[in-house]
Amino acid sequence: GIVVLVLVFCCCFPERIKMWVLLGRKSVDQTERPAVVRIETKNAELVKINCGGEKFITTEESLSRYPNTLLGDRERRAQYYDAKTRSYYFDRNQDLFSAILYFYQSPGTFRAPESIDPVVVQEELRFYGINLLPDD
């Protein structure tokens, strides 16, 4: 199967934040090369998330695209805030979280790794309040 990897590196400068996002695909034989996408935003509010020990960084702007979801709603998300680490902590499936986060960043594209049981995918989507079906 194909796994989508999202790594975010941030360098802070006084006038802007530069984020380098490495989006790549890793095949079984690992012969594909990743593509590098550069994103620049001014005064971006960064959100740190720790999911099952794996650390992620995204922007508040990305999360707020879906305000009716757990990550998109600051008030609902607040209960998971860890002041000691200054990040949100979720004791959830970290292998699937990259796909969850990419849903917010893309926006709206969701592809679960084939190695994860569809029942687990549904449980995680339900936990985060993500509904992939169009509203009627």
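This briefing looks at one helix pair and at the aromatic rings of the structure above. The model is predicted, so to speak of local features takes pLDDT of at least 70 and side-chain atom pairs count only at pLDDT 80 or more, while totals for chains, interfaces and linings use all residues. Residues are numbered from 1 along each chain as its sequence is written, and side-chain values use heavy atoms, with hydrogens and water left out.

**Helix pair**
- The axes of H3 (residues 94–105) and H4 (residues 118–128) come within 11 Å and cross at roughly 45°.
- H3 contributes Leu96, Phe97, Ile100 and Tyr104 to the contact, and H4 brings Val120, Val121, Glu124, Leu125 and Tyr128 (contact means heavy atoms within 4.5 Å).
- Eight of these residues are nonpolar, none is polar and one is charged.

**Aromatic rings**
- There are 11 aromatic pairs in the structure (ring centres within 6.5 Å).
- Phe56, Tyr80, Phe90, Phe97, Phe127 and Tyr128 are joined into a cluster by ring pairs.

**Charges over rings**
- Arg77 places its charged end over the ring of Tyr88, 4.8 Å from the centre (for Arg, CZ within 6 Å of the ring centre and within 35 degrees of the ring normal).
- Arg92 lies over the face of Phe127, 3.9 Å from the ring centre.

Notes. Axes fitted to C-alpha atoms, helices over the stretch in contact; angles between N-to-C directions. Helix = DSSP H or I, 4+ residues; strand = E, 2+ residues; numbered from the N terminus. Nonpolar A, V, L, I, M, F, W, Y, C, P; charged D, E, K, R; others polar. Phe/Tyr/Trp six-rings, centres within 6.5 Å; stacked < 30°, edge-to-face > 60°.
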